[in-house]
Amino acid sequence: MVEQPVQVISNERDTDAYFRLVLRAPEIARATQPGQFLHLRIPPLRDALLRRPFSIFQANGETVSILYKTIGKGTDMLARMGAGEELSAIGPLGHGFTVPARGGETPLLVAGGYGMAAMYLLAERSPQKGIVFVGGRRRVDILCEAEFRKLGWDVRVATEDGSYGEKGLVTQPLLAEIQNPKSKAESARPAKQIQNPKLFACGPTPMLKAVAKIAEEHKLAAEISMDEHMCCGVGVCLTCVIPVKTASGWEYQRTCTEGPVFDSREVVWEVAK
Ligand SMILES: Cc1cc2nc3c(=O)[nH]c(=O)nc-3n(C[C@H](O)[C@H](O)[C@H](O)COP(=O)(O)OP(=O)(O)OC[C@H]3O[C@@H](n4cnc5c(N)ncnc54)[C@H](O)[C@@H]3O)c2cc1C
Ligand code: FES
C-alpha cells in the first residue's frame, strides 16, 4: 500500500452519470488484487482532506482506472478534472476477492451499477470463465457489458424499468440459473456448464443481502464486497465497521481493512445497517 501523487491520463464520460478515470500509478497497478480499492484525495475539493474510495476497475502496466458515478460534490469535482492534473491516491487497499483456482469453482458474478467496476479484474484473472449477472435501474446503469463478453464471459442483464435485458432485479436471472442451469439453453450463445458455482457480488447493500440469502438457501459459497461509507480508509477511524460472526457471537470489523470483501456467511445481516 502506497500513498502517492498520481496523474490523470484521461477522464471520460462512459454512460450518463458514469465516468472512467485512468491514472498513471505504476506501483499501485503492480500490486493490485481483484476487489481492492483506491482512496483518492481530490485537491480541488474544499474538504479535500476527506478521501473517497473507489474500486480499482482495471490495472494495466503503469496505469490503474476507476469507473465512477457522479453522485455528490467529490465525484462532481472529480468529473471536472482533466489529463495532466494530479490527485493523491492511497492503494491498493483492502482485502479483495479470492480468484478461483484452475479447475475449481465456476464463478457467478453479480453486480449492481458501479459494482461492475469491482468485478472486472476478477473476471480477467479467473482461469474459469462463468456468468456475470448485471443489474441496474435503467439501461444507462449497465456498464462495460461488452468488455466482460470480450473476456469470454456470458453476461445476463436485468433492468428495473425493463429498458434493457430482463425486467426486474438482477437476482431473478441469478436464481433462475441456480435453480435450472439449462434455463438459458435457448439463448443465442451456447449455455455454459455451471459446475460447483460460487457467487461473487458487489453492489448496493439490499442486493448483497439478497445474494447472501440465495447463497445460504442453495448452500453455495459467496464473497460479497460491502459498500460502506469510509473516512480514513486505513483502519483507524472505525466509520466503516460491519458486524461479523465470531466463535463466541459477533464483533465489528472494518470494511476498509478486513474487507471490503467478506464471506457472506460471516456477515450478521440482522444487525448490519
Ligand atoms: C470499497 C468501496 C468501493 C467503491 N467503489 C466505487 C466505484 O467503483 N465507483 C463509484 O462510483 N463509487 C464507488 N464507491 C462509492 C464512492 O466512494 C462514493 O460514491 C463517493 O465517495 C461519493 O463521494 P461524493 O463526494 O461525490 O458524494 P458525497 O457528497 O460524499 O455524498 C453524496 C451522496 O452519496 C452517498 N454516498 C457517499 N458514499 C457512499 C457509498 N460508499 N455508498 C453509497 N452511497 C454513498 C451519501 O450518503 C450522499 O447521499 C465505493 C465505495 C466503497 C466503500
Ligand atoms: S474507514 Fe476508517 S476504519 Fe475504515
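The protein chain contains six helices and 16 strands. The model is a predicted one. Along the principal axes, the C-alpha atoms fill a box of roughly 50 × 50 × 35 Å. A compact globule of 273 residues would have a radius of gyration near 19 Å. The protein chain has 18 Å, which agrees with that expectation.

Seven strands form an open sheet with mixed pairing. Their order is S11-S10-S9-S8-S12-S13-S16. Strand S11 (166-167) and strand S16 (261-263) stand at the edges. Each has a single partner strand, so one side of each is left without a neighbour in the sheet. Within the sheet, strand S9 (residues 131-136) and strand S10 (residues 154-159) run parallel. Six bridges join S9 to S10. Gly135 stands opposite Ala158 in S10. Helix H3 (residues 116-125) packs on this sheet. H3 touches strand S8 (106-112), S9, strand S12 (197-202) and strand S13 (222-225). The direction of H3 makes about 160° with that of S8.

Strand S14 (residues 241-246) and strand S15 (residues 249-254) run antiparallel. Six bridges hold this pair as well: they join S14 to S15. The bridge partner of Lys245 is Trp250, in S15. In general, strands of a sheet pair through backbone hydrogen bonds, either parallel or antiparallel.

Two packed helices are described by the angle between their axes and the distance between the axes. The axes of helix H5 (residues 171-179) and helix H6 (residues 205-217) come within 11 Å. They cross at roughly 10°. H5 and H6 are therefore roughly parallel to each other. On the H5 side, Thr171, Leu174, Leu175 and Ile178 make the contact. H6 contributes Met207, Ala210, Val211 and Ile214. By class, the contact has seven nonpolar residues and one polar residue. No charged residue takes part in the contact of H5 with H6.

Ligand 1 is surrounded by 21 residues. The closest are Arg52, Tyr68, Gly72, Gly74 and Thr75. By class, the shell around ligand 1 holds eleven nonpolar residues. The others divide into five polar and five charged.

Some backbone details deserve mention. The peptide bond joining Gly91 and Pro92 is cis, with omega about -5°. Pro92 has its place in strand S7 (residues 86-93). A cis peptide bond also runs from Gly259 to Pro260, where omega is near 15°. Pro260 lies in the loop between S15 and S16. Asp16 has a positive phi, near 45°, in a residue other than glycine. Asp16 belongs to the loop between strand S1 (2-13) and strand S2 (18-24).

Key: Residues are numbered from 1 along each chain as its sequence is written. Chains are lettered from A and ligands numbered from 1 in the order in which they are written. This is a predicted model: local features need pLDDT of at least 70, side-chain atom pairs count only at pLDDT 80 or more; totals for chains, interfaces and linings use all residues. Axes are lines fitted to C-alpha atoms, for helices over the stretch in contact, and angles run from 0 to 180 degrees between N-to-C directions. Helices (H or I, at least four residues) and strands (E, at least two) are DSSP runs, numbered from the N terminus. Angles under 35 degrees count as roughly parallel, over 145 as roughly antiparallel, 65 to 115 as roughly perpendicular and the rest as oblique. Two residues are in contact if their C-beta atoms, placed from the backbone, lie within 7 Å. Ala, Val, Leu, Ile, Met, Phe, Trp, Tyr, Cys and Pro count as nonpolar, Asp, Glu, Lys and Arg as charged, and the others, Gly among them, as polar. Two strands pair if DSSP finds at least two bridges between them. A residue is near a molecule or strand if its C-beta atom, placed from the backbone, lies within 6 Å of it. The radius of gyration is taken over C-alpha atoms; the globule rule is 2.2 Å times the number of residues to the power 0.38.
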